[in-house]
Amino acid sequence: MITEQQQLEKMRRKILGSSVDSSKDEDFKDCLESAKNRYLNLVYPFDREIVELPDDRARNWQTDCAIELYNLDGDENLTSYSENGLSESYGKAGLSEGLLSQLPPAKAGVPQ
């Protein structure tokens with residue numbers, strides 16, 4: 001099972017370039033929590049009793065999502081931006097289409 005410590009180390013490597021630099025761990029933990037909630041809201045929209053991620057694939061997605069959220073730095077709701085040939089837009093939940101395409105289909109259910 002992927003642990004939070006392993007997730008933090010991956011985020012440190014990708015963002016800070018060092019797996020031992022723990023200076024941003026509190027920010028990273030906030031991003032991991034936000035990413036977990038986005039996963040649960042997108043995959044289990046009608047089941048509020050599920051509060052933990054089901055497996056390592058979901059935790060790996062959570063880590064990648066947390067990295068994206070950290071790099072967006074508050075611009076999660078950006079829907080379109082263009083400058084000098086560079087264009088940015090974000091899909092639902094403020095995430096890139098590439099990240100969203102990795103999610104399993106939402107589980108159907110009855111709103112509670």
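## Terms and overall make-up

Helices here are DSSP runs of H or I with at least four residues, numbered from the N terminus. Helix α3, in this numbering, is where Asp-64 is placed. The model is a predicted one.

The protein has four helices and two strands, and their order along the sequence is α-α-α-β-β-α. Of its 112 residues, 31% count as buried. Among contacts with a separation of 6 or more, 58% are between residues 24 or more positions apart.

## Helix α1 against helix α3

Helix α1 covers residues 4-16 and helix α3 covers residues 56-72. Their axes come within 10 Å and cross at roughly 40 degrees.

On the α1 side, the residues in contact are Gln-7, Lys-10, Met-11, Lys-14 and Ile-15. They meet Arg-59, Asn-60, Gln-62, Thr-63, Asp-64, Ala-66, Ile-67, Tyr-70 and Asn-71 of α3. By class, this contact has five nonpolar, five polar and four charged residues.

## Asp-64

Asp-64 is one of the α3 residues that meet α1. Its relative accessibility is 24%, so Asp-64 counts as partly exposed; the buried class is for values under 20%.

Leaving aside neighbours within four places in sequence, Asp-64 is in contact with Lys-10, Leu-99 and Gln-102. Lys-10 is one of the α1 residues in the contact with α3. Asp-64 and Lys-10 are 54 residues apart along the chain, and their C-alpha atoms are separated by 9.1 Å.

## Helix α1 against helix α2

Helix α1 also packs with helix α2, residues 25-43, at an angle of about 110 degrees, and the axes are 10 Å apart. That angle makes α1 roughly perpendicular to α2. The crossing of α1 with α2 is right-handed.

From α1, the contact takes in Glu-4, Gln-7, Leu-8, Met-11, Arg-12, Ile-15 and Leu-16. From α2 come Asp-25, Phe-28, Lys-29, Cys-31 and Leu-32. These residues divide into seven nonpolar, one polar and four charged.

Gln-7, Met-11 and Ile-15 of α1 take part in the contact with α2 and also in the contact with α3.

Technical notes
Residues numbered from 1 in each chain as written. Predicted model: local features only at pLDDT ≥ 70, side-chain atom pairs only at ≥ 80, totals over all residues. Heavy atoms only, no water. Buried < 20%, exposed > 50% of the residue type's maximum accessible area, 1.4 Å probe, protein only. Contact = heavy atoms within 4.5 Å. Axes fitted to C-alpha atoms, helices over the stretch in contact; angles between N-to-C directions. Nonpolar A, V, L, I, M, F, W, Y, C, P; charged D, E, K, R; others polar. Parallel < 35°, antiparallel > 145°, perpendicular 65-115°, else oblique. Left-handed = near helix turned anticlockwise from the far one by under 90°.
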